[in-house]
Amino acid sequence: MLNILIVTFPFFALVAAGFVAAHRRMLPLEAIPGLNGFVLFFALPCMLYRFGSTTPIAQLLDATVAGVYLLCALVMVAFAIVWTMDRRIRWNDASLGALVAAFPNSGFMGVPLLVALLGPAAAGPAILTMLVDMVVTSSLCVALSRLDEGEGHGREAMIDAGKKALKGVAANPMPWAILLGALASYAQFRLPGPVEKTAWLLADAASPVALFTIGAVLARSQIQSSHPMPVSDYLPVAVMKLLLHPLLVLAVGLAVRQLGVPLDGFALTVIVLVAALPSASNVSLLAERLGADNGRIARIILVTTVAAFITFSGAVSLLT
């Protein structure tokens, strides 16, 4: 366990550093979108391309891994919505809450952390879960969030929101970086030397800047959404994310293997640990854009990020 904490500590320490920097205004809040833009459009796509291009194509096209992870994500979304919806928390807030219950921080934190813990072979299954979450889980939750607009209009708004969410996925450079990396892996293509060195330098910057940015985003969300809120509005969803989600993935994965469906044990370990990650920090920005209670979403993300230092490390210890 101590050896695992030694590996995970720097990752969570960088998140804490970003939080302190933004909270104490050493980093101006106005600078956070710039950091986010650098990670999203430059550093992270290069990192994902590098991992994709050096990962065997079969790992990036594992239908069993994708199917198990997608099934669990859909169950988590349904369960979180049913559990949390009441007279105050309607479709918009319940759907975005369900998204943070099912969408781990696999891009900004998960891929580099799992590669550091388990080796380069962890990149393939982890990247595959990212595609599932970006294309299906997030689009579904965005579409469901529009059901508050009345029965007839709500259905139309849901379809429109789903289309917009898919357009957002198409405009996101990360899926394209993964696709290009997979094509490069299949064709055994390498970038020209100077171009590759430039891309790899950007890739090396992705992990530290992304982790620092997570902390800064969490601090900004807390500063801007500090209204009082009962613990029951956000703590159960945080528990779902950190405990129920990985246990569900593990149970479904083991059941699938018992049925004779080919599911590699190492890949199962990777996707269980992906599910054990804290909630994706960018859901806070999405909640703000969709008019959901961003204070609630930010609290869930903050609680999962802080608690994951122990829970995630414990999951690694149990599974490896």
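Arg88 forms a salt bridge with Asp233, with 3D positions taken from a predicted model, and the closest N and O atoms of the pair are 2.8 Å apart. A salt bridge is defined here as a side-chain nitrogen of Lys or Arg within 4 Å of a carboxyl oxygen of Asp or Glu. This pair links distant parts of the chain, 145 residues apart: Arg88 is in the loop between helix H4 (63-84) and helix H5 (91-102), and Asp233 is in the loop between H10 and H11. Helices (H or I, at least four residues) and strands (E, at least two) are DSSP runs, numbered from the N terminus. Asp233 is buried, its relative accessible area being 8%. Buried means under 20% relative accessible area, exposed means over 50%, and partly exposed lies in between (1.4 Å probe, protein chains only).

Residues are numbered from 1 along each chain as its sequence is written. In this predicted model, local features need pLDDT of at least 70 and side-chain atom pairs count only at pLDDT 80 or more, while totals for chains, interfaces and linings use all residues; side-chain values use heavy atoms, with hydrogens and water left out.

By the rule given above, the count comes to three salt bridges. Side chains of opposite charge can pair when their charged atoms come close. Another of the salt bridges joins Arg50 and Asp204, whose closest N and O atoms are 3.1 Å apart. This pair also links distant parts of the chain, with Arg50 in helix H2 and Asp204 in helix H10, 154 residues apart. Asp204 is partly exposed, at a relative accessible area of 46%. The charged end of Arg50 also sits over the ring of Trp200, 5.7 Å from the ring centre. For this description, NZ of Lys or CZ of Arg must be within 6 Å of the ring centre and within 35 degrees of the ring normal. A salt bridge is also found between Glu196 and Arg190, where the closest N and O atoms are 2.5 Å apart. Glu196 is buried, with a relative accessible area of 12%, whereas Arg190 counts as exposed at 61% relative accessibility.

Lys241, in helix H11 (residues 235-258), is buried yet has no salt bridge. The nearest side chain of opposite charge is that of Asp133, 7.9 Å away; Lys and Arg count as positive and Asp and Glu as negative, and His and the chain ends are not counted. The side chain of Lys241 instead reaches backbone oxygens: that of Ala275 at 2.3 Å, and that of Leu277, which lies 3.2 Å from a polar atom of the Lys241 side chain. A polar contact is a pair of N or O atoms within 3.5 Å; within protein, one must be able to donate a hydrogen and the other to accept it, and residues adjacent in sequence count only if both atoms are side-chain atoms.

Ala275 lies in helix H12 (residues 265-275) and is buried, with a relative accessible area of 0%. Apart from neighbours within four places in sequence, Ala275 is in contact (heavy atoms within 4.5 Å) with Lys241, His245, Pro246 and Val249. Between Ala275 and Pro175, 100 residues apart in sequence, the C-alpha to C-alpha separation is 19 Å.

Rings of Phe, Tyr and Trp (its six-membered ring) pair if their centres lie within 6.5 Å; planes under 30 degrees apart count as stacked, over 60 as edge-to-face and the rest as tilted. The count comes to five aromatic pairs by this rule. Among them is the edge-to-face pair of Phe9 and Phe309, at 6.3 Å centre to centre and 65 degrees between the planes. Phe9 lies in helix H1 (residues 2-23) and Phe309 in helix H14 (residues 294-319), so the pair ties together parts that are 300 residues apart in sequence. Phe12 and Phe309 also form an edge-to-face pair, at 5.5 Å centre to centre and 65 degrees between the planes. Phe12 is in helix H1 and Phe309 in helix H14, so this pair ties together parts that are 297 residues apart in sequence. Phe9, Phe12 and Phe309 form one aromatic cluster. Phe12 counts as buried at 9% relative accessibility, while Phe309 is partly exposed at 23% relative accessible area. Thr8, also in helix H1, is buried with a relative accessible area of 0%.
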